[in-house]
Amino acid sequence: QVQLVESGGGLVQAGGSLRLSCAASGGTFSSYAMGWFRQAPGKEREFVASISWSGGSTYYADSVKGRFTISRDNAKNTVYLQMNSLKAEDTAVYYCNASPRAIVTVSGAYWGQGTQVTVSS
């Protein structure tokens with residue numbers, strides 16, 4: 001059983017930056033594809049970014065491409081999401097995802113409890 005704990009959320013002004021972290025335990029971190037999803041009030045959970053087990057491949061939603069960067073440190077069992085040039089529409093609860101396969105999926109994956117990101121305009 002994999003446990004995921006997110007941190008780094010908070011309140012930031014538009015144009016600012018935040019870095020989210022997700023620490024994993026209880027599994028072989030380096031064998032999991034990792035990802036970030038987010039859910040805004042009244043909306044469905046949506047994909048934000050993902051990274052392969054080796055870190056060699058990354059994928060981003062069009063809405064965050066060029067502003068967000070996902071990375072991982074397999075020695076620290078941690079995945080990061082660097083968020084720059086934040087916009088009000090980035091406001092959401094951000095969830096970490098660990099998928100025991102080559103790509104991130106919604107089903108059959110482990111999830112963190114979420115961390116709130118609020119961007120004031």
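How many bridges pair S1 and strand S3, and in which sense? The two strands, S3 covering residues 18–25, pair over five bridges in the antiparallel sense. Strands here are DSSP runs of E with at least two residues, while helices are runs of H or I with at least four, numbered from the N terminus. Two strands count as paired when DSSP finds at least two bridges between them.

A word on the model itself. It is predicted, so to speak of a local feature takes a pLDDT of at least 70, side-chain atom pairs count only at pLDDT 80 or more, and totals for chains, interfaces and linings use all residues. Residues are numbered from 1 along each chain as its sequence is written, and side-chain values use heavy atoms, with hydrogens and water left out.

Back to the strands. S1 and S3 belong to an open sheet of four strands, ordered S1-S3-S8-S7, with antiparallel pairing. Strand S1 (3–7) and strand S7 (68–73) sit at the edges with a single partner strand each, so one side of each has no neighbour in the sheet. From one strand to the next, the twist averages 15°; for such angles, axes are lines fitted to C-alpha atoms (for helices, over the stretch in contact), and the angles run from 0 to 180 degrees between N-to-C directions.

A disulfide is taken as a pair of cysteine sulfur atoms within 2.5 Å, and searching the whole structure turns up one. Its partners are Cys22 and Cys96, with sulfur atoms 2.1 Å apart. The link ties together distant parts of the chain, with Cys22 in strand S3 and Cys96 in strand S9, 74 residues apart. The angle about the S-S bond is -85°, making the link of Cys22 and Cys96 left-handed. Both Cys22 and Cys96 are buried, where buried means under 20% relative accessible area, exposed means over 50%, and partly exposed lies in between (1.4 Å probe, protein chains only).

Asn77 is not a glycine, yet has a positive phi of about 55°. Asn77 lies in the loop between S7 and strand S8 (78–83) and is partly exposed, at a relative accessible area of 27%. The loop between S8 and strand S9 (92–99) is where Ser85 is found, and its relative accessibility of 40% makes Ser85 partly exposed.
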